[in-house]
Amino acid sequence: MRLVETVLLGAKSLDDALDEADRAGWRQRVEPRDRAFARLMAATVLRHQGSLAAVLAKFIARPLPTEGRRAHLVLLVAAAQLLMLGTPAYAAIDMAVEQCRGDRVLGRYQKLCNAVLRRVAEQGAATLAGLDQPRLDIPDWLWRSWVAAYGEPTARAIACASLREAPLDLTVRRDAEGWAAKLGGRVLPTGSVRILEHGPVDEMEGFADGAWWVQDAAAVLPVRLLGDVAGLQVADVCAAPGGKTAALAAGGAHVTAVDTSARRMQRFEQNMARLGFGERVSAVVADAGTWQPEHLFDVVLLDAPCTATGTIRRHPDILRLKRADEMTRLAGVQAQLLARAGTWLKPGGRLVFCTCSLQPEEGELQIARYLAAHPDMQRLACDASALGLPAAWFTAAGDLRTLPHLLALETPELSGMDGFFAAVLQRRPSSASEAPA
């Protein structure tokens, strides 16, 4: 429950909640198998809070008072175990009651939790089956935005795909088929290796040797849009944790990787060292909004800060932490970074703007506004057939637009990818200055 509490009451990401737990000694005290199940429980609650709360409401006579917020979290976690994770009723209920018994405030809700959860165990599955779960689990602002952008059928397909746990995707340096066989995975149409069952990532074969890195199948596509990058000078802006930098370096580019977080860049440099890309990558800790490069670049890759609504499969806390007003704020940040990034290009240089967001305000509309304000820049429409990718993954204007449900394979568990937007722009050869702005 502590992980759920940190996210829902503390407004911190699930990754931050896990990091806090590790710093408190959780990793040393708890077996890897139990840590994985605790994360799964938390992620399940965050994904399905709306439908789980609707089930609980059927069996609670009146809403709990403010002081009972933590008791409601206990109920949510137990309901997730009972209805979605296959935990035996006696185990889920006993765990919830024990949590209440050992807490001064929760103790007064012990009998209520016991009574409600027994009814959930008996009748909850039937109640859940009668609910419109995708509609309940996606926040109203986000549902409305998807319907407005894509229509209700596609919005529903996006929701269903986003609410499933994502498999593990790997970008392999070479011999994808061989690594898929070794790791019990399969090669996707994008070239990534997808794995459904695995242990700790850092204990998997090939990790320590730098044979592959973790990266969603859609996340490598912005680099793929550039084609051959061998020998090019590339700025990767907002680079951590480094998946796109690794793909650029693997292609032979010389990369200046910029990120504002010293903590993230420390992990970034560890990743580059493990992968053997240290000589091709220069790491810079700086705010891209004020950073002044020493030279112009052939390519600037700007993976801009965004609401990350395309990554809900992997980060279900986004459903509970993001708001429409934050999207507006981030769109302003993106516009500022775009304006600066274009000035770092050589004449004829290319700018790839990408976000892991499904929101047009952070993708298509952002690029339309930028091009209207910067006549020195032009769009380079992507050719899906030349890239070997489905035409459905691109907009009419030639920008990349993946949606979580578009990579459909044999089973729902095997299917899906992150929602990504990427546009390739070019600085007109006669308009670029000879020095960075």
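Helices α4 and α6 are roughly perpendicular to each other (65 to 115 degrees; under 35 counts as roughly parallel, over 145 as roughly antiparallel and the rest as oblique). In this predicted model, local features need pLDDT of at least 70 and side-chain atom pairs count only at pLDDT 80 or more, whereas totals for chains, interfaces and linings use all residues. Residues are numbered from 1 along each chain as its sequence is written, and side-chain values use heavy atoms, with hydrogens and water left out.

Two packed helices are described by the angle between their axes and the distance between the axes. For α4 (residues 32–47) and α6 (residues 69–83), the angle is about 105° and the axes are 9 Å apart. Axes are lines fitted to C-alpha atoms, for helices over the stretch in contact, and angles run from 0 to 180 degrees between N-to-C directions. Helices (H or I, at least four residues) and strands (E, at least two) are DSSP runs, numbered from the N terminus. From α4, F37, M41, T44 and V45 meet L76, V77, A80 and Q81 of α6 (contact means heavy atoms within 4.5 Å). The residues of this contact comprise six nonpolar, two polar and no charged. Ala, Val, Leu, Ile, Met, Phe, Trp, Tyr, Cys and Pro count as nonpolar, Asp, Glu, Lys and Arg as charged, and the others, Gly among them, as polar.

Pockets and cavities were located on a 1 Å grid over the protein atoms alone: a cavity is a set of points where a 1.4 Å probe fits but cannot get out, a pocket is an open set with protein on both sides within 12 Å along at least five of seven lines, and lining residues have an atom within 4 Å of a point. Grid points are joined across faces, edges and corners, and a volume is the space filled by probe spheres set on the points. The second largest pocket has a volume of about 320 Å³. It is lined by 17 residues, of which M1, R2, L3, A21 and W26 are the closest to its centre. Helix α1 gives the most to this lining, with four residues. The lining of the second largest pocket holds 12 nonpolar, two polar and three charged residues. The largest cavity has a volume of about 30 Å³, and its lining includes R164, E165, R313 and E413.

Most residues other than glycine have a negative phi, and most peptide bonds are trans. A11, in the loop between α1 and α2, has a positive phi, near 55°. The peptide bond from A240 to P241 is cis, with omega near 10°; P241 lies in the loop between β5 (233–237) and α14 (243–250).
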